[in-house]
Amino acid sequence: MHRLPWKWAWLPLLLLITAKLEQVGGKTYLDWARTDSQLTRLPFFGGGVGHLLRYLHPLSMSPPSERGKISELRSELDANYVSYRGAQLWKLNFNATRGSSMAEREEDDEAAEKRQVLASPDAQFNEVVALFALTFVALIGSVFGQKLLLWRSVSVPEISGISGLPLALLTLNSSELYESTLEGLQWLSPMDLRRFDFISPGSSYQINRRYRNGSQVQRYYGFQLWKVHETRLEQPELRAFWRHFGSEVWNINQDGIDILIEQRNVADARKFMDKVGYSYNIMIDDIESAIDESYVEVPAVEHPLDSVRNNSLPWMEVPGSTMNWRRYHDQADIKQFLQTLLETYSENVELIQIGVTRNKRPLEVIRVSNGNPDNWAVFVDAGLQARDWLSPAALTYAISKLTHLWGRPKGKDKGEGQRQSRAEKAMRRIDWYFLPLANPDGYQYSRQTDRLWTKNRGYDSVSGCYGVNLDRNFDYGWDGTGSTSNPCKNLYRGAHSFSEPESRAVCSFLSGMREYLGAYVSLGGYGQAITYPWGDADYVTENQRNLKQTARRAVLALRRLNQAEYSSGTSYRQKLARPGNSADWVQDRIGPQLVFNMFLKDQGRYGYLLPPHYIVESGEEVFEFLRIIAQQLQ
C-alpha cells in the first residue's frame, strides 16, 4: 500500500486549518460573541489584544461605514435592543454669576486643550493600562488583607497656603477596592463575575463560611417565591396547585397568595398556571441567593449610621454594644444589648426573666418606666416566628430610641423643650415591657441551620419531628382551621394549648398584669398591616370602635413618616392571622383597651427574606406606632 512520505503528513492539518479560517474569516467580534463557547467570549481568549481593545472601545475600532452593521448585529442578538444612535444628553447650566471676561475665555481654551490631550489615543491607552494595574494591585491587596495607598497625579487646590502639591494621597480599604474593581470589570465578561467572588465579606462564600458552614445546613437552591393574584385559596384549582407544586404558603393578603415553589416543581408549576389561566409573578427567582443577601451587612455609605456622626440618630450608636442595625444580629448580641441598656439607664430600665426555653435560653423582658404606679402598661413582643428576623431588629431599634430620648435632658431652649414634651410626654407615662425575642431557640436555629425555620425547637418523640408554631399554641381557638396536628408541618399547633415553655411564660406574665395592662402589641412579618381581633371568624369585639380608630390613626401617621402604605382591619378580613394566635387570646382572657398585630414590611417582594437595608426604616415605623398607642391610652 502506497503511503505519503512523512514530510507531507502535516498537509491535511494545514488544509483543515485553512478551511476553518475561511469559515470564520468574515466574522466580526460580535459574531464571536454569538458562539456558545464561554471561553471565546472572554477578551483574553477569544481574539487576543485586538479583541480586548474592541471590548474597551467597541466603536472607535470600526470605521463609520461598519457601525450601522454593528447595530444590526446587536439587534439580531437581542430582540429588545433599542438603538439610541444620535441621541444626546444636554445639561443646561443656569448660572447668573458667570462672567464673560477675557480671562475666563482663556481658561476655557486651556480646558479645551486639556480635554483634547486626555482624549488622545495615548491617554486612552494609559487609562487602560492603569485599569489593569489597579486590578492587579487590588487582588494582591485583598489576598494579604492590607490597606493600599494609591497615588494619583491630580491637581490639588491650595489648602492652608500649601500650593504646588503634585500628588494626592488616597487610602482605600482592600475589601472596598476589591469590590469596586470587580464591579468595574463586570462589563468585560458576559457571565456574572460575582459567582467567582470569594474575598469580599458580602460574597456567598464568606457568608456561608461564617454563618452557614455546618453539614446540616438546609439549602434552597432553585426554590422560588410566587405571588398568585388570587385570594381565595379554597378554589379547587388553587388547592390542587398548592397540593402538587407548592411547598408552603407564606402569606395570604389582599395582593394575592405567596407560595414557595420547590426547584423540582418549577417547570410543572408553570405549565399548570398556563393551563388554568391564573396570573402570577415570580417574586424571588432563587431563594438561596436571597438567603445570602439577608446575612450581609449594609455598607456604611448606604446606611443611616453615617448621619450618626452628625448627631441626627445618636441612639444607633450604643457604647459597649455590638448592635448597629446594619445587619441582623444573633441572640447573643441582642442579649448583650439589653444588658448594656440596663447598665446605662439603670434608673429607668429593668430586666425581667419570665422563663426559659427547651434549650435553656432565657426569655428576657426589658422594662422601661419612670416608676409611677399609676401608669398604664404596654407589652410588646416580637419574633414568635423564627424566620422573622425583621421584627426583633426593628423592636430593638425602637427600644434604643426610646431609652435614649427618655434619658436625654430637655433642651435649653424653651421651644425645644415644649416640642420634646409634646412628642414624648405620653410615652413617659407608660410602663413599657418589651420581649424582643419570643422564640430564641428557633431564631438561633434559623440563623445557623435552616433560614426558613419558623417553629421553636421542641421535640416530638412519636414522629421524630421538631418544633411547635408558637403563634398557633395559645388557648383561644387553638384547634380551629388554619393549624394542623401534624408535628412535621410548619403550622403544627402542639399537643395541647400552651404546651411550649415560651407561650406558657407569656401567658403567666400577662396574667399577672391583668389589672393595669393597657395595650398588647405583637410584631411580626410580613404584610404591612395593622390588625386587631378576631382571627378565627368575622366577629365584633366590644372595643372594636376604639381599635379601628387607633389603627386608622397609625396608618395615617406611618404614611406621613415615610410614605409607608399599611392596611388595617380585623385579622380575619386581612387574612394575616389564624386561630391560636397570641392577640386573640389576650383580647379574650386579659381584655386590655388595645390589642394589635403589627405586620411589618414588605408586601411580598422579599417576604421573610427582607434585606437589612430596611431595618432602620421599620424601626422608625414601630416607634411611631408605639407613640400612637401611648397617646391613645391617655
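Modeller: A disulfide (a pair of cysteine sulfur atoms within 2.5 Å) joins Cys465 to Cys488, with an S to S distance of 1.9 Å. Please note that this is a predicted model, in which local features need pLDDT of at least 70, side-chain atom pairs count only at pLDDT 80 or more, and totals for chains, interfaces and linings use all residues. Residues are numbered from 1 along each chain as its sequence is written, and side-chain values use heavy atoms, with hydrogens and water left out.

Colleague: How many disulfides does a search of the whole structure find?

Modeller: The search finds one disulfide. Cys465 and Cys488 both lie in the loop between helix H16 (440-448) and helix H17 (501-511), so the bond ties together parts that are 23 residues apart in sequence. Helices (H or I, at least four residues) and strands (E, at least two) are DSSP runs, numbered from the N terminus.

Colleague: Is Cys465 buried or exposed? And what about Cys488?

Modeller: Cys465 counts as buried, at 17% relative accessibility, whereas Cys488 counts as partly exposed at 42%. Buried means under 20% relative accessible area, exposed over 50%, and partly exposed in between (1.4 Å probe, protein chains only).

Colleague: Turning to charges, what does Arg219 form a salt bridge with?

Modeller: Arg219 forms a salt bridge with Glu288, the closest N and O atoms being 3.3 Å apart. The term requires a side-chain nitrogen of Lys or Arg within 4 Å of a carboxyl oxygen of Asp or Glu. Arg219 is in the loop between helix H9 (204-210) and strand S3 (224-228), and Glu288 is in helix H12 (residues 287-295), 69 residues apart. Glu288 is buried at 2% relative accessibility, while Arg219 is partly exposed at 26%.

Colleague: Which residues are linked in a network of salt bridges?

Modeller: Glu297, Arg326, Arg327 and Asp333 are linked in such a network. Within it, the closest N and O atoms of Glu297 and Arg326 are 3.6 Å apart.

Colleague: Where do Glu624 and Arg627 lie?

Modeller: Both lie in helix H21 (residues 615-633), three residues apart, about one turn of the helix.

Colleague: Finally, in what order do the eight strands of the open sheet stand?

Modeller: The order is S7-S8-S10-S9-S11-S14-S12-S13, with mixed pairing. Two strands pair if DSSP finds at least two bridges between them. Strand S7 (349-356) and strand S13 (567-570) stand at the edges, each with a single partner strand, so one side of each is left without a neighbour in the sheet.
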